[in-house]
Amino acid sequence: MNDRTDREGRADRLGRPVRAENYTASRPPGWQGQPGGCGIASCISLKGGRIGGDRISRMLTIMEERENGLGAGYACYGLFPERRDQYCLQFFFDDEEGKRDVENFLDGRLDIAHDEKVFIQESSTIAPPYPLVWRYFADVPENREWRGERGLGEEDYLVELVQHINEKIPKAFCVSSGKDMAVFKGNGYSYEIADLYDLGRYSGTMWLSHSRFPTNSPAWWAGAHPLSLLDWGVCHNGEITSYGVNRKLVEMNGYRCTVLTDTEVVTYLWDLLVRRNQLPVEVAAFAMAPSTFQEISLLPAAERRLAEWLRITYKEAFLNGPFSIIVGRSRPDISLIALADRKKLRPMIAGLSPDEDVVYCASEESAIRIVEPDARTWAPGAGNPLIAVAGKGLVRRGTEPSFQGVSV
Amino acid sequence: MSETPPTKRLDHRLPERFVPTINYDLCRVCRRCVNDCSYQALEFRESRVVPSGGCVACGRCIAICPASCIEIRPVPPQFAPHGNWSERSRRSILAQASSGGVLLSSCGADDPNPAIFDDLLLDAAQVTNPSIDPLREPVETVTYLGRRPGRLEVYDGKVIVREDDTPLIRMDMPLMFGHISLGSISYNAQKALFMAAKELNIVAGSGEGGLHPDFYQYADRICSEVASGRFGIKPEYLKGVAAVEIKIGQGAKPGHGGHLPGEKVTTMISETRMIPLGTDALSPYPHHDIYSIEDLAQLISVLKESTEYRLPVGVKIAAVHNVGAIASGLVRAGADFLTVDGFKGGTGAAPRVIRDHAGLPVEVAIAAVDRRLTQEGLRNRVTVCAGGGIRSSADMIKALALGADVVMVSTSAMVAMGCRVCQQCHRGLCSWGIATQRDDLTARLDPNLAAARIVRLFRAWNEELKEVLGAMGIDAVESLVGNRDRLRYRGPNPKIAEVMNVKHIGEGWG
């Protein structure tokens, strides 16, 4: 007989009780990254309309075979129209002490305009304790200084602060730090996380979501997806076989790996390539999932030159192994990027609502059909990014020839 | 003190190490072995072939015997057993007491210290990521050698490619042939290496002995070496080649120069090296215009200037204890690529004390260089080449995973040609026609056949590389370079693993 009489009544497919290990903001001792399978789903309103949180949770929870209760999460963009120009720093705290330390650290370093407790249901099937989830709306002061350096840009400065907190301040973890967006994640099934945060109370222009099937426990609240830095949010299904190489590139550029998963490195790569090195989004995608040299040799001359040099220059950004990712950002426009590895070893399907307003991307077609039965769906190609931008439309479907639309 | 002649001269003759043994039931007395043995270890006496001493186990007689009747037997220990005073140590003392000289040897360090490579295990993909069959799916091994820009510049949403700024060489596999000079090896042996490099579309080192005019046809696959002796350096040597490399040191003899004895400086060698016939070719220990890092920076600029910035200019150093910091200095001095040569690397002649006791194993050196360059944010600017004792595709793959972009091989290429690693190169009597300048011996090596054997060997290694990459779920070799997560250490000393930043077996991901 399966033992389903666990305190919370939660059990995996073998009937074993699923227990959270109670690691919320603090990293579990001896934590090492862990591979696993996952479900990802996302939607964006091209006209900049608002999509309710219940829609994304329906998309994600239908893919129930892709998760085992050890982590799920959502990111919402276009979430705070009244405070869209302030950074929203959302934290997990293990206790008041973590909160106090972070507030002491931020005091004088950021101008906190407003802070509030993030709503959490009082009861949930997820094993307690839950972290204290708190958000701060902040402006970056004009005269800022980090370790003697005065010339830092706003965003670089914020990256330093966030990484410092995550690396050095115990019992606290900053889970998102972008403008007009926030991340809601934790250690449970996708529906449990949606219930816990009562996602239905939120609506935004774009949602990303992720459910996990890690191959071993413990799970960790802060280690759930989406992983986020500034306004980047990344949900990732896959296992990057080149992790050691990619990690080197981000560390060389000053990023400090605190979550120790490949997804974290993917997040930093997007920030490095697009925000700091200013590569166009599709070019960054081709750096991460490059064509083979054989394919490159068949491109027209100017594109061939770019493709070749992109691959040579950013060979450490090449994400090898199976993955499909959805990436969001809120600046300059709310955008959704979906990308699968160059052999497309993990699934990714896209859909467009009949009124051509909402673009969907997900691991399974079911996720799209459950909320949009009449969507037109298609499969973006291997290593071929789909890009949808609120206010601009579906910039790239992921089926075009490589480098189409890239000015060379 | 006046010398008194010994009353009875005791010739401390050392016992033989090998004896060619002939099965007289099969021997046809064709005497081919006698004629072919350049060490004169066989003679024809009283109607049969008998050993005459001095066998080095080069194996030539075995290979050419039409009756397959020769076997080379190691002579059992002739010294009283002693746990501390090995036979090797006593032989060295006796030889040195007789000659009074610095003991010379050749090939890599032959002491029985195990290679760290053998203590490393590779990873493979299971379930959570799929492995790839290289016969069904592309698995790429294309490798570029030279400086990389670190990032691409973007103006107005347009990505700017300045390919002229950073010359790069494209190779079909992450492999290069090390620097073996004309002089240390024969014309035919060097020709075979160059032919093979061209066929494999990789790069071969010229060695420090200049470039024979016959080899200009392979120039686009040759990396010209500029060593402290500056032999044979002229416009043709620098222009039209694939790359230029300044040799500071060599793994087999860190801190040492080179010495090609006058008797090997034949007309051909003298013309190619641009030195007088029959004179010793001495490479100074340091470059006498490089006493410091800023001097190296000047030589790098001079070479870049004289090659009009069209070639990558690299620097080769022996793996020494501070190799990480030195490597970072090389990059800052302007090197486009650097080569680290481990202490098991080969040589045509080196003092045994240096060869066996100085330097660093290449495995540790690669990891140290990779880590240091990463810490300093320089690793994605340069190509790191490494070699010194690479015996197999497994060693090559592990060297890549430890952090080398390109693996340098020399001895294995020579073994493919016929070398049996008998360690007699310094005597110039190579019976295989490789490490010799004697016309009758060099004529034994057919460069076409030798090149074909080298090509087959390294194509096979490259196939094995693809198999391993595919098994790891990696479909391009650049995703293996420095990916130490895919290695585990199983040796006796976990400190080595820690220094190399490789996890111990039994430890999972992270």
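Visitor: How many residues of chain B are in contact with chain A?
Guide: On the chain B side there are 40, and they are in contact with 40 residues of chain A. Keep in mind that this is a predicted model.

Visitor: What classes of residue are on the side of chain B that touches chain A?
Guide: That side has 16 nonpolar, 12 polar and 12 charged residues.

Visitor: OK, let's take the chains one by one. How many helices and strands has chain A?
Guide: Chain A comes to 10 helices and 19 strands. Its radius of gyration is 20 Å, close to the 22 Å that the globule rule gives for 408 residues, so chain A is as compact as a globular protein of that length. If you boxed up its C-alpha atoms along the principal axes, you'd need roughly 60 × 60 × 40 Å.

Visitor: And what's the secondary structure of chain B?
Guide: Chain B has 15 helices and 23 strands. For its 510 residues the globule rule gives 24 Å, and the radius of gyration is close to that at 24 Å, so chain B is as compact as a globular protein of that length. The C-alpha trace of chain B spans about 90 × 55 × 50 Å along its principal axes.

Visitor: Which domains is chain B divided into?
Guide: There's domain 1, covering 13-101, and domain 2, covering 143-504. Their centres, taken over C-alpha atoms, are separated by 34 Å.

Visitor: How many residues of those two domains are in contact?
Guide: Nine residues of domain 1 of chain B are in contact with seven residues of domain 2 of chain B. On the domain 1 side, that's five nonpolar, two polar and two charged residues.

Visitor: Switching to helices: at what angle do α4(B) and α14(B) cross?
Guide: Roughly 45°, with the axes of α4 (residues 187-200) and α14 (residues 447-471) of chain B coming within 8 Å. The two helices are therefore oblique to each other, and the crossing of α4(B) and α14(B) is right-handed.

Visitor: Which residues meet there, in α4(B) and α14(B)?
Guide: From α4(B) you have, among them, Ala192(B), Leu193(B) and Met195(B), and they meet a set in α14(B) including Ile454(B), Val455(B) and Phe458(B). The residues of this contact divide into 12 nonpolar, one polar and two charged.

Visitor: How about α11(B), at what angle does it pack with α14(B)?
Guide: Helix α11 (residues 393-402) of chain B packs with α14(B) at about 55°, with their axes 9 Å apart. That makes α11(B) oblique to α14(B), and the crossing is right-handed. Ser393(B), Met396(B) and Ile397(B) in α11(B) meet Trp461(B), Glu464(B), Leu465(B) and Val468(B) in α14(B). By class, that contact has five nonpolar, one polar and one charged residues.

Visitor: Now the backbone. Which residue does a cis peptide bond join to Pro226(A)?
Guide: His225(A), with omega about 0°. Pro226(A) is in the loop between β10 (206-214) and β11 (227-229) of chain A. Another cis peptide bond joins Arg331(A) and Pro332(A), with omega about -10°. You'll find Pro332(A) in the loop between β13 (323-329) and β14 (335-340) of chain A.

Visitor: Why point those out?
Guide: Because most peptide bonds are trans, and most residues other than glycine have a negative phi.

Visitor: What's phi of Val127(B), then?
Guide: Near 60°, a positive value in a residue other than glycine. Val127(B) is in the loop between β6 (120-122) and β7 (143-146) of chain B.

Methods. Residues are numbered from 1 along each chain as its sequence is written. Chains are lettered from A and ligands numbered from 1 in the order in which they are written. This is a predicted model: local features need pLDDT of at least 70, side-chain atom pairs count only at pLDDT 80 or more; totals for chains, interfaces and linings use all residues. Axes are lines fitted to C-alpha atoms, for helices over the stretch in contact, and angles run from 0 to 180 degrees between N-to-C directions. Helices (H or I, at least four residues) and strands (E, at least two) are DSSP runs, numbered from the N terminus. Angles under 35 degrees count as roughly parallel, over 145 as roughly antiparallel, 65 to 115 as roughly perpendicular and the rest as oblique. A crossing is left-handed if the near helix is turned anticlockwise from the far one by less than a right angle, and right-handed if clockwise. Ala, Val, Leu, Ile, Met, Phe, Trp, Tyr, Cys and Pro count as nonpolar, Asp, Glu, Lys and Arg as charged, and the others, Gly among them, as polar. Domain bounds come from an automatic or database domain assignment. The radius of gyration is taken over C-alpha atoms; the globule rule is 2.2 Å times the number of residues to the power 0.38.
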